[in-house]
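Look over the sequence and the model below. Then read on for a short report on its ligands, helices and loops.

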Amino acid sequence: MKVYSFPRGGLDLGDSTAPPAESSVLTFLPIFSVIPLSCHSGGRVYPLVSAGDIVREGMLIGRASGSGAVNVHATIPGKVVRKVFWKDSDGLNNDALVIRLEGAFEKLGRKIIPLQWTGANSHDIQRIISDYGIVEMEGRGRSLSDMISNYRRLHDKMTLVVRCVFDDPWLAADYVLCKERLKEVVEGCFITAHACTKVERILFAVSSREKDLGEKLLAEAGQWDIPSSLVLVGSRYPQRNKRELELSLRMYEKDEGFDLGPFMILGPAALAAVHDAVKLKKPVLERYVAVGGSAVKEPQVVKARVGTRIGDLVEQCGGFAGTPAKIIAGSPLSGRVIVSLDEPVEKACYAVYAALKAPAGYNGENCINCGECRAVCPLGLDPQDIYKRIITSQPKETLNCECHGCGCCKVVCPSALPLSDVILEKQLGM
Ligand code: SF4
Ligand code: SF4
């Protein structure tokens with residue numbers, strides 16, 4: 001089977017401190033849960049409970065207001081003890097409700113009779129996805145209901161892409177989820193397609209080294225009513241980036257003579273969440289998270305309640321092997337620095353990386369003009385030249401590049417120049 005990949009640049013990533021992508025471990029329930037009310041994709045969430053109130057597992061405790069916001073649910077039963085505020089490393093304000101564990105669980109361990117959704121109309125399915133606060137489960141956690149509305153409004157036909165591209169060892173949690181919940185991922189994909197109404201084909205975009213997983217996904221999809229195909233893509237980072245994945249899939253489209261229309265790209269965690277909301281009437285209570293890095297004693301993929309403190313999560317992985325120099329939510333290449341161990345696992349958090357030694361920063365050396373950064377940039381940019389212009393304050397228009405922040409240039413630079421950090425900061429106007 002042909003393997004489709006983006007034409008230039010990129011890196012083969014490996015990290016011996018990442019947890020093995022084998023199976024997941026269920027974490028203990030947290031005594032305190034910190035349920036975020038902030039939506040970094042926009043909109044506001046208004047709390048429906050306050051300190052002293054008793055909440056049930058899965059109860060709606062924050063109502064979304066406006067585009068970009070999503071409803072928020074209690075992930076454990078208990079008593080609301082306070083509201084907390086903090087500023088994160090991106091300078092964004094966050095607020096959250098702290099719940100102390102009390103009382104009985106309504107969903108944990110209970111047998112739930114699945115609902116039949118095939119007779120439901122697309123608007124009813126979308127309303128359930130909206131009510132249960134389902135998000136993209138990565139990046140800034142965009143509202144899936146908003147994404148569906150936009151696609152339905154703007155396009156006459158489209159292709160739903162299931163992104164099972166594991167080009168970074170820190171995607172171990174998504175890989176394990178995909179293996180352990182394969183049926184739910186596939187059914188979630190067809191539920192989403194029905195909510196969108198205009199989906200004419202489903203593509204399973206799977207890393208070529210996970211061909212077996214791709215074939216299982218395709219076999220499972222065979223029982224549903226929309227044509228689906230398996231497309232093997234490269235495993236080189238950043239293959240899963242929207243731009244690089246689209247480039248590869250357009251090559252496939254051309255080879256096959258299809259007209260696929262625009263792509264809506266979703267990962268396995270979001271699709272499993274759609275399945276749980278529509279079939280099991282469950283909001284996102286848990287998240288598969290890869291916890292590791294040199295500062296963590298027992299790296300593993302855990303199933304943690306959303307709202308679990310990062311500190312509690314690390315404790316469940318044997319604790320710290322030493323004082324961490326840096327903790328990151330997400331991949332070390334593209335994640336966000338954690339400022340406190342009290343920050344919670346959010347719906348979009350797929351990894352927690354804690355390193356004993358901070359990733360290399362600027363070592364004081366100047367550029368030795370080796371050309372490595374140019375060679376790995378998938379966009380064909382000259383990162384060294386852009387970086388030089390920024391630090392020497394040359395006119396802004398010369399910095400108007402399309403860097404998507406993959407970080408490849410920074411990883412390979414022998415002088416450890418913070419190339420992508422500086423370019424992205426400039427682009428974001430920080
Ligand atoms: S310049 Fe931007 S797109 Fe190019 S390698 Fe660096 S971070 Fe990636
Ligand atoms: S990789 Fe670093 S040292 Fe090499 S050309 Fe780019 S900026 Fe200069």
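## Ligand 2 and its cavity

Ligand 2 takes up the space of the second largest cavity. A cavity is a set of points, on a 1 Å grid over the protein atoms alone, where a 1.4 Å probe fits but cannot get out. A molecule sits in a cavity if more than half of its atoms lie within 2 Å of its grid points.

The model is predicted: local features need pLDDT of at least 70, side-chain atom pairs count only at pLDDT 80 or more, and totals for chains, interfaces and linings use all residues. Residues are numbered from 1 along each chain as its sequence is written, chains are lettered from A and ligands numbered from 1 in the order in which they are written, and side-chain values use heavy atoms, with hydrogens and water left out.

Which residues are closest to ligand 2? They are C367, C370, G371, C373 and C413, and 13 residues surround the ligand. A residue is near a molecule if one of its heavy atoms lies within 4 Å of it. By class, this shell has eight nonpolar, four polar and one charged residues. Ala, Val, Leu, Ile, Met, Phe, Trp, Tyr, Cys and Pro count as nonpolar, Asp, Glu, Lys and Arg as charged, and the others, Gly among them, as polar.

## Ligand 1

Ligand 1 sits in the largest cavity. Its surroundings include C377, C403, H404, C406 and S420. The shell around ligand 1 has eight nonpolar residues, four polar and no charged.

Helices (H or I, at least four residues) and strands (E, at least two) are DSSP runs, numbered from the N terminus. Axes are lines fitted to C-alpha atoms, for helices over the stretch in contact, and angles run from 0 to 180 degrees between N-to-C directions.

Take helix 4 (residues 182-196) and helix 5 (residues 211-221). Their axes come within 10 Å and cross at roughly 55°. Helix 4 and helix 5 are therefore oblique to each other. Angles under 35 degrees count as roughly parallel, over 145 as roughly antiparallel, 65 to 115 as roughly perpendicular and the rest as oblique. Helix 4 passes helix 5 in a right-handed crossing. In such a crossing the near helix is turned clockwise from the far one by less than a right angle; anticlockwise makes it left-handed.

The axes of helix 3 (residues 172-180) and helix 7 (residues 268-280) come within 9 Å and cross at roughly 45°. This crossing is left-handed.

## Backbone details in loops

Y237 and P238 are joined by a cis peptide bond, with omega near 5°. P238 lies in the loop between strand 12 and helix 6.

Key:
1 Å grid on protein atoms, 1.4 Å probe; cavity = no way out; pocket = protein on both sides within 12 Å on 5 of 7 lines; lining within 4 Å.
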